[in-house]
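The following exercises concern one structure. Each task is followed by a worked solution, to be read with the structure in view.

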Amino acid sequence: MRRRIKLRFSPWDLGAYGVLCFWALVAGYPLVWMVLTALKKDAELYRAPFALPQKPHWSNFVDAWVHGHLGPCVINSVEVTVLSLVIGLGLSVACAFAFSRLNFGPLQTFLWAYVMFGFLVPDSVRFFPLMVFFAKIGLFDSIWALALIYAAGGIPWNTFFLRAFMERIPRDYEDAAVVDGASIWQVFRHVIVPLSRAPLLTLATFHVLGVWNEFLMAFFLTSSESARTLPVGVRMLTGALATNQTAIAAGLVIAVVPMAIFFIILQKHIIKGLTAGSLVG
Amino acid sequence: MLQVTNLRGPVQVSPGARQRHRARLAYALAFLLPGLGLYSALILYPTVQSLIYSVQDWEGRKARFVGLANFAELLHDRLVWVGAANNLRVLFLLLVFQLPIALALAYMLSRRPRVAGFFRFIYFVPSIVGAATMALLWGFIYERDHGILNSLLRAIGLGHLIQPWLSKDGIVQWTVAIPGVYAGIGFFVIIFMAAIGEIPESIYEAAELDGATSWHQLIYITLPSIRGVYAMACVLAVTDALSAFVFPFILTNCGPLHRTETLTSYAVWQSFRNYRRGYGAAIAVFHFAIAVFATLLIRRLARREQETSKAL
């Protein structure tokens with residue numbers, strides 16, 4: 001039963017709405033300001049930082065895209081995100097299957113602890129050896145280096161999350177497949193993976209949100225436009241467009257747009273995913 | 001044929017069972033190998049490599065074993081403690097502002113389902129923006145002459161409060177920590193709303209029949225019920241605070257004079273900018289040790305909370 005629908009506002013209610021609206025302003029206004037500033041000329045920004053643009057100044061976006069070199073960064077970011085998503089989730093789902101459906105004795109406990117150890121390792125410990133390693137194998141400043149690092153970085157959490165889900169799939173499903181003569185691989189491919197679609201989608205949204213915005217590894221493992229991702233490209237804007245502040249704002253808008261579209265389209269999934277994630281974690 | 005039904009069964013000591021166990025192990029390893037291989041190469045191997053660096057001193061391309069000298073130096077390095085203090089400052093802000101604000105907003109929204117979706121959407125937007133972009137946006141907010149904050153202060157007649165937010169010692173340590181705290185609130189609003197949504201409505205109805213005010217309901221039903229999730233949020237806050245890096249790195253380049261370093265950024269600076277990879281690795285290993293200790297400690301506390309919360 002729903003709560004009684006209140007027909008008038010109590011003072012407490014009014015206060016609550018005040019707080020909610022205030023925070024909406026705090027959360028939303030900086031982004032609105034950013035979009036408005038992106039449409040101004042520099043002089044307008046200095047004269048009246050809060051005013052609306054007199055006339056939309058679209059060339060800021062061209063400046064950010066061309067002189068801020070954001071174009072290649074967007075493409076690199078998409079490539080790195082997709083590659084790391086496919087590799088990372090593919091490997092994790094296989095690991096989770098082994099850990100949850102194949103009981104393989106004492107080694108299992110050890111290997112599980114081995115993978116979970118990855119949760120504890122901070123980036124500060126990994127970044128320099130990774131730079132040396134990728135330089136040695138000739139993949140420094142390559143989107144493959146980043147894609148593999150992100151794929152590997154996701155393995156502990158993805159495996160943990162998927163195993164928790166797979167353990168709850170009833171045995172009968174695979175029994176039925178086995179009676180029909182399915183091999184372990186076929187059970188994996190045609191029973192367990194299709195049943196895990198929901199958590200895989202959840203993890204995919206987590207992965208995209210995390211990887212798209214990752215900064216530290218992307219900064220230290222790339223040195224040129226050929227592999228630079230968007231967060232690093234954004235940091236470079238201040239250098240490339242130092243004399244044109246409003247073009248920097250335009251660059252920030254460009255950087256936010258892909259994620260904003262992703263979020264608006266997948267809003268329900270993302271919120272459901274975060275919810276599911278919080279209940280497992 | 002290998003029977004999947006038997007895959008989980010106890011291993012019996014008969015020749016057939018042993019063979020099945022072998023086959024099972026082979027299959028398991030086949031599934032694990034690619035993932036574990038990549039994990040070993042890009043998570044474990046670099047960790048071990050850093051441990052090795054940390055007992056070495058590098059000059060150019062030559063390494064010399066120095067035992068624990070790097071760690072001895074680190075304990076007397078003021079900047080290591082400046083970094084640790086800045087991580088702690090972020091943790092303080094997360095625990096005292098981020099989580100309570102998120103909880104308050106989530107609670108207010110959960111009582112107003114008709115507008116909850118709209119507000120939740122707006123609150124979450126800063127969380128998708130990404131740290132690098134958010135940092136530059138806060139650069140605009142803090143900017144000395146035309147920044148949003150100083151312009152706003154001037155406009156509402158509080159001109160005497162105007163500050164060089166990103167260069168004044170004693171202030172800048174806080175200002176570089178705030179954007180991360182701010183950006184994460186929407187994420188926790190969603191988490192807490194989900195947790196509050198899990199509480200059965202019937203409990204509230206029963207309480208209402210017994211004459212409990214909404215204040216009592218908050219104190220005696222809502223808050224105790226979400227203890228477990230709140231404890232988990234604290235675990236995430238510790239992880240977040242320990243990995244603080246992007247905001248000071250972009251906003252102030254960890255300056256002025258290293259005042260806004262964090263443990264991560266200082267380790268990075270020593271190995272990458274100061275060309276002391278041995279010493280940088282030692283700082284990273286020190287950071288790692290703190291992270292392990294803090295994470296295990298807070299996990300243990302959180303688990304106890306979660307168990308209590310389930311028992312209620």
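**Exercise 1.** State how many helices and strands chain A has.

*Solution.* Step 1: helices (H or I, at least four residues) and strands (E, at least two) are DSSP runs, numbered from the N terminus. Step 2: chain A has 14 helices and 0 strands. The model is a predicted one, in which local features need pLDDT of at least 70 and side-chain atom pairs pLDDT 80 or more, while totals for chains, interfaces and linings use all residues. Residues are numbered from 1 along each chain as its sequence is written, and chains are lettered from A and ligands numbered from 1 in the order in which they are written.

**Exercise 2.** Compare the radius of gyration of chain A with that of a compact globule of 281 residues.

*Solution.* Step 1: the radius is taken over C-alpha atoms, and the globule rule is 2.2 Å times the number of residues to the power 0.38. Step 2: the rule gives a value near 19 Å, whereas chain A has 24 Å. Step 3: the C-alpha trace of chain A spans about 75 × 70 × 35 Å along its principal axes.

**Exercise 3.** Identify the buried residues of helix α12 (residues 230–240) of chain A and name elements that cover them.

*Solution.* Step 1: a residue is buried if 20 or more other C-beta atoms, placed from the backbone, lie within 10 Å of its own. Step 2: A:Leu230, A:Pro231, A:Val232, A:Gly233, A:Val234, A:Arg235 and A:Leu237 are buried. Step 3: the cover includes α4 (70–101) and α13 (245–265) of chain A, as well as α5 (131–142) and α12 (246–251) of chain B.

**Exercise 4.** Describe how helix α6 (residues 123–136) of chain A packs with helix α13 (residues 263–273) of chain B.

*Solution.* Step 1: the angle is about 20 degrees and the axes, lines fitted to C-alpha atoms over the stretch in contact, are 9 Å apart. Step 2: angles under 35 degrees count as roughly parallel, and α6(A) and α13(B) are therefore roughly parallel to each other. Step 3: contact (C-beta atoms, placed from the backbone, within 7 Å) involves residues including A:Phe127 and A:Phe128 of α6(A) and B:Leu263 and B:Val268 of α13(B).

**Exercise 5.** Determine how many residues of chain A are in contact with chain B, and which helix gives the largest share.

*Solution.* Step 1: 76 residues of chain A are in contact with 76 residues of chain B. Step 2: helix α1 (residues 11–38) of chain A gives the largest share of the chain A side, 11 residues.

Key: A residue is buried if 20 or more other C-beta atoms lie within 10 Å of its own, exposed if 12 or fewer, and partly exposed in between; C-beta atoms are placed from the backbone. Two residues are in contact if their C-beta atoms, placed from the backbone, lie within 7 Å. Axes are lines fitted to C-alpha atoms, for helices over the stretch in contact, and angles run from 0 to 180 degrees between N-to-C directions. Angles under 35 degrees count as roughly parallel, over 145 as roughly antiparallel, 65 to 115 as roughly perpendicular and the rest as oblique.
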